[in-house]
Amino acid sequence: MKSTPKDDVIEKKLADQVSWLISLRWIAVLGVTGTVFTVTQFFNIPVEVWPLYGVTAFLAIYNGLFAWVMPFLRNRQLHSAIRVLANLQIFLDLTCLAFLIHFSGGVENPFYFYFIFHIIIAGILLSRRETFVLATYAVMIFLLIVLGEQYGLLPHHRLPGVFAVSLHENFTYVVGVSFVFVSALYIAAYLTTSISDRLHERERSLTRANELLGEKDKIKSEYVLRVTHDLKEDLAAIHTCIEPVQKGLAGRLNEEQTNLLSRAKERSKQLIVYVNALLEITRLKLTKKAEMNSFSVMELIQEISDSIGPMARHEHKLFEVQVDPKVSLMKGVRVYVQEALLNILKNSLKYTPEKGTITLRVQMEWPWLRMKIIDTGIGIPADELPKIATEFYRATNAKALYKKGTGLGLSIAKKIVEMHRGTIDIESKVGAGTCITLAIPLTL
Amino acid sequence: MKKILIIDDDEDVVEAMRFVLDKRGYKVITAGDGNKGLTHARAEKPDAVILDVMMPGLDGFEVARELKGDPQTKGIPILMLTAIKDKTGFDFQKDVNDPDWLPVEDYCNKPLDCEVLVEKIDRLLLK
């Protein structure tokens, strides 16, 4: 059978509901046992308890089996088997209920209305056709009991002391009850399946709408990628052509010429930084599955420290690295993890004044690898914290300090962390500093 | 006079590189795509090749493998122009010496810094 994502959603829901039904059945086992016990002990109605307990035991046994087999079917995604199982469960439930009713008074026992609950459950879980087939089965076994007992084809287990006259022999009563019961059952089947069909339809259209949105977003990202890539080529060419002239290779320049060309070159460089960041985040968005490998965290931190250390020294800032000795390997895309850490560290460096401190702390807290970047920088205003990792967003105090910035560094880091099923946590106080924690699961 | 072959489809970048290398005293020949590049490399026996990655037809990776696989041209050092990480998420630098990955001697990110370009080419030709 061809399966589409939206069918998968519904099949997955069915699996959840079957598990739910199994839990409900344990309650039913307790309920039946409790009812039989109460009726015989406290109401002194001498029903024959052993057949009833027997049926309940059967109920418990098959429920145990279903509970045992269900995780297996779920893990292997055997959706059609789960569907068969759902039908089989309701079929067995109806049969059990029929036996319970038969052994405790037949038509005299008002618990026969519980058949309706099973039909409602079928209507929620199964298709319209399956529900009506099960409803018809319920009608047949009900009629078999009441008419069988009426005509003496089946033994009647009375409820002594409840009714003065045996109701099962009263033809008019039996026919009347059967009519009400059969119509109630089919009405329940009709109503439940109608509602549930409509809900399924809505769920399908929502799933479809969601898929469409995803596709649109992908098209947009691909477009951005293409345009940005072209922009970058042109920018790189502009930069490459200006550079030798500005450096005097095409003849000595006077001060004004050098000044203006330097400005042009600087701006093209800034634009390239921006375009590169845009390319990076768009590529990350389009990456569905990245190949994850194991690599040494210690080596990565060493490399990062080798590139950030000199920058910090140059700017008269202190850069400290603290690595938990327990840290060993992690699984992920090495270049991306490196990129995430470098982005955040460069931000810290940019927004921490001279003589400030930037600390990179790596901790092992099984099953998490926590990488903290702590700085004594300008901080992020509290009301801007929720927006700070949004693409292109820059904090007001950061903008006041440096007019230029892509506003993409942290969003790229966030995307990378999400790709590794990790979390990013940002704490900050204006004027005191910022602490960004990247937590990546070691159990990827 | 040492001869350098530039294989790149971006005429403006080629022009700027030609100018810089020319000033440095190198003889520069150019090719606008991978196939022409291979032909020139075999016919002209340049002392070094500057190779772009993204080109129509044969791309830089294919050209590099072709050059290094040919006994006539395998001794020519290649400087590849790429921000390889952008394309593959793969850190190219670590694998420069890995013959299975990419058989080139050095690489240089675009946009080029003319001093870096000259320095890298000088170094390749010294080897």
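**Strands, helices and backbone turns in a predicted model**

Student: Which residue is the bridge partner of I374(A) in β7(A)?

Tutor: I374(A) has C435(A) as its bridge partner in β7(A). This is a predicted model, in which local features need pLDDT of at least 70 and side-chain atom pairs count only at pLDDT 80 or more, while totals for chains, interfaces and linings use all residues. Residues are numbered from 1 along each chain as its sequence is written, chains are lettered from A and ligands numbered from 1 in the order in which they are written, and side-chain values use heavy atoms, with hydrogens and water left out.

Student: Okay, and how many bridges join β5 to β7 of chain A?

Tutor: Strand β5 (residues 368-375) and strand β7 (residues 433-441) of chain A are joined by 8 bridges and run antiparallel. Strands here are DSSP runs of E with at least two residues, helices are runs of H or I with at least four, and both are numbered from the N terminus; two strands pair if DSSP finds at least two bridges between them.

Student: What about β6(A) and β7(A), in which sense do they pair?

Tutor: β6(A) and β7(A) are paired in the antiparallel sense, over 7 bridges, and I426(A) is the residue that stands opposite I436(A) in β7(A). The hairpin of these two strands has 3 residues between them, and there G431(A) takes a positive phi near 85 degrees.

Student: So what's the strand order in the sheet?

Tutor: The sheet is open, with 5 strands of chain A in the order β2-β4-β5-β7-β6 and mixed pairing. At its edges stand β2 (318-323) and β6 (423-429) of chain A, each with a single partner strand, so one side of each has no neighbour in the sheet. On average, neighbouring strands are turned by 10 degrees against each other, direction ignored; the axes are lines fitted to C-alpha atoms, for helices over the stretch in contact, and angles run from 0 to 180 degrees between N-to-C directions.

Student: Which strands does helix α8 of chain A touch?

Tutor: Helix α8 (residues 297-314) of chain A packs on the sheet and touches β2, β4 (357-365) and β5 of chain A, where contact means heavy atoms within 4.5 Å. The direction of α8 makes about 170 degrees with that of β2(A). Helix α11 (residues 409-419) of chain A also packs on the sheet, touching β6 and β7 of chain A, and its direction makes about 145 degrees with that of β6(A).

Student: Where is H316(A), and what is its phi near?

Tutor: H316(A) sits in the loop between α8 and β2 of chain A, and its phi is near 60 degrees, which is a positive value in a residue other than glycine. Most residues other than glycine have a negative phi, and most peptide bonds are trans.

Student: Speaking of peptide bonds, is the one from W366(A) to P367(A) cis or trans?

Tutor: The bond from W366(A) to P367(A) is cis, with omega near 5 degrees, and P367(A) lies in the loop between β4 and β5 of chain A. In chain B, a cis peptide bond joins K110(B) and P111(B), with omega about 0 degrees, and P111(B) is in the loop between β5 (106-108) and α5 (114-126) of that chain.

Student: New topic: how many residues does α3(A) have, and how far does it reach?

Tutor: α3(A) has 25 residues and reaches 36 Å from its first C-alpha to its last, close to the 36 Å expected at 1.5 Å a residue, the expected span being 1.5 Å times one less than the number of residues. After α3(A) comes G105(A), which has a positive phi near 110 degrees.
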